[in-house]
Amino acid sequence: MDTILYDDVLREIFLCLPSSLFPAVSSVSSRWHLLCRVSRTSLSLYIPPSSYTDNPPCVSDLLSLYPYLSSLFIFSSDSTTEESNCLLRSVSSSCSTLLFLRCLHFLAAPVSPDALEFSFTSNSASFTQLNSLTISLSTPLFLGWIRSLPSLKELWIIMRSRDVVEFDSREEDGLCEYENSDSELPLESLCLSSLRSDVCGTGWLWRSCKKLQKLRLCNCDSIGDGGSFSSFGTCLQGLQDVELRDCRTIVVDRVLLKLAQECSSLVSLLVYDGGSEDGLLSFIEGRRCNLRKLHLRLPFHLRDNHLSAISQNFRGLSSIRLQKCCLAIGDGLKTLGMAMGDELAELALTECDTVESKPGMLTTLEQSLKGLKKLDLSYNGMLLDKEFTYVLISCKNLTDLKLRDCWRLTGAALVSIVETCKNLESLDIVDCAGISADAIQTLVLNSPRLTRLQVNESKLSVLQEHGRRIDLSRLSFD
């Protein structure tokens, strides 16, 4: 049996297999083990600090055993910049043989400009097909090497503190050299993490990202030095998706101001834990875009007047996700529901104090949203069976329902789901202590369209014990 198929045929078969099956397939024979290794398309490597003690890890020799890699993930904790430079050079020297490499995640100590220049510019022919890169950098932010990656579509830069105090004048010269040049990068998605106010070099990046469609800022104190802000508007012309996570208030407000003034193509906006009340209201009232998705986690800044303004200015919304809306007491939600009507397909109210402080609010809200397909009420511990049942009466078209940690719900809630949600495909009831395994079994038996179920391990084991009586083959469990 082992010799019937040629190596090329087996390799093509292995390329179609999920990676979870590789250990079992590799154990068939030494030949299959070798072909399985050669056929891997994704590889994750952890390089411990101890491996640098004597000699640098010989990553290039290892990677030569996996010629079909398309995704490579490299992690190294507690490494120094010098060690990180050595590791990146080793990876780049082997990439000439990785003709299918498309995605590289390099998470180690910040890489120096010299190592970046050597790895991506001097060896640019090795990365012509790379379209996704994650890398750690430090100040000064040298980005000229990005021009050597003609296929790069996604870039994630994580700023970290440098472990050396010396400043090489050549780095400053390189910074100025490309800062004054004009470029047009192929980037469509850009994420910057932990960007500080003293970082120079982002102005060139903003001016060069004229094809940008998605922008993500995480834990940022600024969007670059003072001169960079004037260039920021250049990248906004075709922007469709913006995420602002855990950024300083001044950063969020300035970005929202620029979006309101210069971005007419925005479709999706996410703001988590940042921004001011006035900044958010100015964006909503000054909008130039036809926003479709709005996700907000603003415990102390989202009020009813914001929700009322949203209902007036963004009537085309198809998805609204609100988390920890402590200061929105309910009237704004009702106004929003009546304005959205059947257009709204997804609604999330997670950790929402209004559910507890305003009994009946959910029922009133859902009566206006009969077109909902997805509903997330997770982490609302005070939600009771009675109000939940009334909600479902108006939401008969649900396909996705999340009730995680709604611990006061009981089996009666699942009975209502069975009776009302005939099209339900996905259900999350993790940490719903009041719902028994027997009630879940009844749900599975009477929900023929259900294909995905998230439930606690203890209840899942009970379901599996009853597997002979119910068909679990159609379900995926998380």
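The exercises below work through a predicted model of one protein chain.

Residues are numbered from 1 along each chain as its sequence is written. Local features in this predicted model need pLDDT of at least 70, side-chain atom pairs count only at pLDDT 80 or more, totals for chains, interfaces and linings use all residues, and side-chain values use heavy atoms, with hydrogens and water left out.

**Exercise 1. Confidence**

Find the mean pLDDT of the protein chain, and a stretch where pLDDT stays under 50.

Solution. Step one: pLDDT is the predictor's confidence in each residue, from 0 to 100. Step two: its mean over the protein chain is 82, and 82% of the residues reach 70 or more. Step three: over residues 164–176 the value stays under 50, and the model has 13 contacts (heavy atoms within 4.5 Å) beyond four places in sequence for this stretch. Where pLDDT is low, the predicted coordinates should not be read in detail.

**Exercise 2. Overall make-up**

State how many helices and strands the protein chain has, and what share of its residues is buried.

Solution. Step one: helices (H or I, at least four residues) and strands (E, at least two) are DSSP runs, numbered from the N terminus. The protein chain has 19 helices and 17 strands. Step two: a residue is buried under 20% relative accessible area, exposed over 50%, and partly exposed in between (1.4 Å probe, protein chains only). Of the 478 residues, 52% are buried. Step three: among contacts with a separation of 6 or more, 76% join residues 24 or more positions apart.

**Exercise 3. The largest nonpolar core**

Name the residues that touch the most other members of the largest nonpolar core, then list what Trp145 touches.

Solution. Step one: a nonpolar core is a set of buried Ala, Val, Leu, Ile, Met, Phe, Trp, Tyr and Cys residues joined through side-chain atoms within 4.5 Å. Step two: the largest one holds 132 residues, and Trp145, Leu259 and Ile417 touch the most other members. Helix α10 (residues 249–262) supplies the largest share of this core, six residues. Step three: leaving out residues up to four places away in sequence, Trp145 touches Leu116, Phe120, Thr121, Leu133, Ile135, Leu137 and Leu155.

**Exercise 4. Salt bridges**

Solution. Step one: a salt bridge is a side-chain nitrogen of Lys or Arg within 4 Å of a carboxyl oxygen of Asp or Glu. The whole structure has 13 salt bridges. Glu243 is buried at 11% relative accessibility, while Lys214 is partly exposed at 29%. Lys214, Arg216, Glu243 and Arg245 are linked in a network of salt bridges. Strand β12 (residues 346–350) holds Glu346 and strand β11 (residues 319–323) holds Arg321, so the pair ties together parts 25 residues apart in sequence.

**Exercise 5. Positive phi**

Locate Tyr379 and Asp431, and give the phi of each.

Solution. Step one: Tyr379 is not a glycine, yet has a positive phi of about 65 degrees. Tyr379 lies in the loop between β13 (374–376) and α16 (385–393) and is partly exposed at 40%. Step two: Asp431, not a glycine either, has a positive phi of about 65 degrees. Asp431 lies in the loop between β15 (426–428) and α18 (437–445) and is partly exposed at 39%.
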